[in-house]
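I set aside some time today to browse a structure and jot down what I looked up. Here are my notes, in the order I made them.

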There are 2 protein chains.
Amino acid sequence: MVRGRISRLSVRDVRFPTSLGGHGADAMHTDPDYSAAYVVIETDAEDGIKGCGITFTLGKGTEVVVCAVNALAHHVLNKDLKDIVGDFRGFYRQLTSDGQLRWPVWKLLVDMDPRMLVSCIDFRYITDVLTEEDALEILQKGQIGKKEREKQMLAQGYPAYTTSCAWLGYSDDTLKQLCAQALKDGWTRFKVKVGADLQDDMRRCQIIRDMIGPEKTLMMDANQRWDVPEAVEWMSKLAKFKPLWIEEPTSPDDILGHATISKALVPLGIGIATGEQCHNRVIFKQLLQAKALQFLQIDSCRLGSVNENLSVLLMAKKFEIPVCPHAGGVGLCELVQHLIIFDYISVSASLENRVCEYVDHLHEHFKYPVMIQRASYMPPKDPGYSTEMKEESVKKHQYPDGEVWKKLLPAQEN
Amino acid sequence: MVRGRISRLSVRDVRFPTSLGGHGADAMHTDPDYSAAYVVIETDAEDGIKGCGITFTLGKGTEVVVCAVNALAHHVLNKDLKDIVGDFRGFYRQLTSDGQLRWPVWKLLVDMDPRMLVSCIDFRYITDVLTEEDALEILQKGQIGKKEREKQMLAQGYPAYTTSCAWLGYSDDTLKQLCAQALKDGWTRFKVKVGADLQDDMRRCQIIRDMIGPEKTLMMDANQRWDVPEAVEWMSKLAKFKPLWIEEPTSPDDILGHATISKALVPLGIGIATGEQCHNRVIFKQLLQAKALQFLQIDSCRLGSVNENLSVLLMAKKFEIPVCPHAGGVGLCELVQHLIIFDYISVSASLENRVCEYVDHLHEHFKYPVMIQRASYMPPKDPGYSTEMKEESVKKHQYPDGEVWKKLLPAQEN
């Protein structure tokens with residue numbers, strides 16, 4: 001049993017100047033500095049148990065997230081750990097946050113009794129699509145073959161695709177070089193950023209399709225660049241490169257727009273992928289109801305907590321839509337691997353058309369970075385949600401006083 | 001021509017302890033302290049022109065809004081006023097904020113050339129429903145009879161309804177007393193909060209319907225309390241009290257849910273009203289596309305800026321859905337009256353089924369408070385968006401150091 005109280009919460013603004021190398025650039029975000037609000041929670045427990053959490057941002061505005069964390073801190077401070085563990089749903093309703101525990105999160109979820117799992121979920125607003133009974137039934141079915149799937153995950157990992165070759169900020173030469181290296185490393189699925197300029201897209205897609213050949217998988221990502229009719233028109237022209245999906249073709253809030261685009265593009269063999277900017281389960285519910293997507297992309301930071309993601313995984317299962325998580329940024333790979341490994345072992349029980357995003361940046365700053373083998377995520381075995389950063393990295397990148405920013409800020413214009 | 005640069009921006013956290021009197025309580029918000037992040041922008045112009053802005057909050061978390069304002073301040077500081085006025089859309093895209101000018105805002109909008117108005121709007125993501133050409137056509141049609149409608153507004157004002165009689169925090173006696181007074185004051189449209197307890201709702205609706213008689217208008221507001229099937233069931237039982245609308249029956253993000261509820265309740269004579277929590281034009285677009293509402297409730301603070309509201313007013317006109325703004329809170333009445341008066345004069349040209357919310361709290365803190373005559377909003381004639389607060393009120397309510405909070409905080413438990 002967990003003992004102790006939460007005795008301290010600290011939050012820091014940590015920024016990595018990724019824009020300097022053009023990393024992460026897409027049609028909408030031309031100069032992101034991948035950053036995070038980094039939270040450490042300490043307890044007075046005898047074993048010194050502590051927890052870490054991050055949320056990913058693009059640099060500017062991280063101070064607002066830090067401020068928001070501080071605004072919520074009073075819900076957490078002095079809380080008895082067993083009260084939290086004893087009523088996850090209640091704690092969640094109060095806070096929309098997540099508990100950090102001694103197991104890796106995926107293993108905690110996998111071993112949790114289906115009733116306990118269901119008790120973590122807030123069903124308000126989704127009962128027209130998923131009731132508590134539906135959820136329980138799905139999870140109970142998920143118990144069948146669970147042990148074998150866990151063994152399989154531990155041996156082979158969860159299939160991944162790479163987004164690291166084809167950012168919009170890269171030259172054709174860099175693209176070719178990274179793509180060649182990725183093929184050598186065993187990658188079989190590749191994502192390319194599109195949407196800024198059609199001729200440019202045609203050329204870059206041709207390069208990458210030529211390099212990977214007709215059998216390997218290509219995904220495209222427009223990062224919300226288009227209006228609805230524009231998305232259909234543009235993608236009709238890129239259809240010849242046989243993308244598995246087009247990701248975020250328009251506003252992430254436009255459920256009906258995605259449905260329209262989906263209706264037009266599915267006959268061309270292109271699925272719609274979206275979700276990284278969906279802010280709650282109600283949006284995902286509607287995307288599923290409206291047949292607006294063929295690939296559902298959860299995000300470990302955009303949705304408030306593990307709990308909210310659980311409800312989405314279960315709804316996706318009910319609609320038989322594959323979940324293909326969004327990752328990258330700072331720590332998103334570290335976080336979301338837990339959710340998708342749980343999804344496979346306990347919910348979906350399928351790898352068909354399923355794949356988790358991978359981006360190769362910034363893992364070196366984490367104490368327990370993701371481990372990729374044969375283009376797959378190997379299940380983490382260290383405690384928690386894999387969010388703990390190296391203290392040295394935090395210190396160096398703390399904004400605006402860390403060594404990195406102290407050096408950079410005077411050199412920049414504002 | 002406007003001359004000068006923005007030389008200073010200050011933002012303050014102002015809170016009114018409204019929860020002490022049960023004011024503003026509803027099914028979801030039991031103890032709101034109506035509050036605002038209050039912004040003052042100063043310029044170096046010779047005439048000392050300045051601007052004020054607020055956003056309404058419920059107390060806790062206002063410090064996060066203050067922080068967000070500070071995070072955006074660098075987009076505003078040192079800006080040349082004529083650059084802003086010369087490219088509203090560009091400034092808006094950059095900031096999602098609004099310019100403060102020397103006319104009352106409604107008059108500025110009414111007198112603006114249709115092309116200039118259209119140039120303020122960001123059409124990204126809504127061209128499948130409203131193009132620049134559509135908007136121009138609507139506004140050009142709106143020029144016909146404009147002068148007469150402006151005169152009519154100045155003489156008679158814009159029709160309002162009152163929400164001040166029937167908060168959930170009030171006893172039956174208070175409800176009766178306030179309702180009697182409102183009838184005496186000439187009010188003909190009344191809103192009652194529902195959704196916490198059905199028996200309680202039945203009793204309170206009976207009281208108010210008995211008092212106002214069968215001819216006057218009754219609206220109901222559930223403040224997002226229900227799941228979709230629950231909303232239909234609950235409102236079927238309240239249908240006998242003949243409400244014009246049920247407001248926010250479920251999650252404000254649930255477009256398809258609102259469509260389902262609408263389909264079930266419209267045959268019972270009950271319309272669906274929603275919008276006060278819709279965060280952008282894309283959500284409104286879909287509510288209209290999905291026939292999810294019969295009354296569209298814009299909010300002057302939830303949507304980022306006047307500009308974003310313009311796009312919603314024009315879409316509502318295209319779908320022939322009446323706009324009935326949300327108001328109340330701190331300063332929302334002051335703000336939104338500008339938008340709805342503009343809507344009547346230049347866009348909708350109709351008062352049928354249209355009415356603007358009114359709540360009688362906190363107007364005394366504003367330098368140019370709303371003026372209600374014969375249950376109508378009389379058009380403001382003072383410059384700006386009517387957001388300037390009395391300096392004394394700001395000082396007294398500044399959080400946590402103002403006189404009011406200094407007195408209250410030690411008395412409260414946390």
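The entries below go from the whole chain down to single residues.

**Entry 1: the overall look.** I kept in mind that this is a predicted model. I started with chain A and looked up its secondary structure, which comes to 16 helices and 12 strands. Next I checked the dimensions: the C-alpha atoms of chain A fill a box of roughly 60 × 55 × 40 Å along the principal axes.

Entry 2: I asked what share of the 414 residues in chain A is buried. The share is 59%. For the surface, I noted that chain A exposes about 16,600 Å², with carbon and sulfur atoms supplying 50% of that area. I then looked at contacts in chain A with a separation of 6 or more, and 75% of them join residues 24 or more positions apart. On charge, I found 49 positive and 56 negative side chains in chain A, and the centres of the two sets lie 4 Å apart.

**Entry 3: the core.** I looked up the largest nonpolar core and found 217 residues in it.

**Entry 4: helix α11, in both chains.** How many of the 11 residues of α11 in chain A are buried? I got 8, so I wrote the helix (residues 255–265) down as mostly covered. Among the buried ones in α11(A) are I255(A), H258(A), I261(A) and L265(A). I then asked what these buried residues pack against. Within chain A the partners are α10, β7, β8 and α12, and from chain B they are α11 and α12. In chain B, α11(B) also has 8 of its 11 residues buried, including I255(B), H258(B), I261(B) and L265(B). The buried residues of α11(B) pack against α11 and α12 of chain A, together with α10, β7, β8 and α12 of chain B.

Entry 5: I went to T62(B), which lies in helix α1 (residues 62–72) of chain B. T62(B) counts as buried because its relative accessibility is 0%. Leaving aside neighbours within four places in sequence, I found T62(B) in contact with D13(B), R15(B), S35(B), A36(B), A37(B) and T57(B). E215(B) sits in the loop between α9 and β6 of chain B, and at 74% relative accessibility E215(B) counts as exposed. I also checked E215(B) against T260(B): they are 45 residues apart in sequence and 28 Å apart in space, C-alpha to C-alpha.

**Entry 6: positive phi.** Most residues other than glycine have a negative phi. I noted K291(B), where phi is positive at about 50° although the residue is not a glycine. K291(B) is in the loop between α12 and β9 of chain B. S386(B) has a positive phi too, near 60°, and lies in the loop between β12 and α15 of chain B. Buried or exposed? K291(B) counts as exposed at 65% relative accessibility, whereas S386(B) is buried, with a relative accessible area of 2%.

Technical notes
Residues are numbered from 1 along each chain as its sequence is written. Chains are lettered from A and ligands numbered from 1 in the order in which they are written. This is a predicted model: local features need pLDDT of at least 70, side-chain atom pairs count only at pLDDT 80 or more; totals for chains, interfaces and linings use all residues. Side-chain values use heavy atoms; hydrogens and water are left out. Helices (H or I, at least four residues) and strands (E, at least two) are DSSP runs, numbered from the N terminus. Buried means under 20% relative accessible area, exposed over 50%, partly exposed in between (1.4 Å probe, protein chains only). Contact means heavy atoms within 4.5 Å. Accessible areas come from the Shrake-Rupley method with a 1.4 Å probe; for residues, only the protein chains shown count as cover. Lys and Arg count as positive and Asp and Glu as negative; His and the chain ends are not counted. The place of a charge is taken as NZ of Lys, CZ of Arg, CG of Asp or CD of Glu. A nonpolar core is a set of buried Ala, Val, Leu, Ile, Met, Phe, Trp, Tyr and Cys residues joined through side-chain atoms within 4.5 Å.
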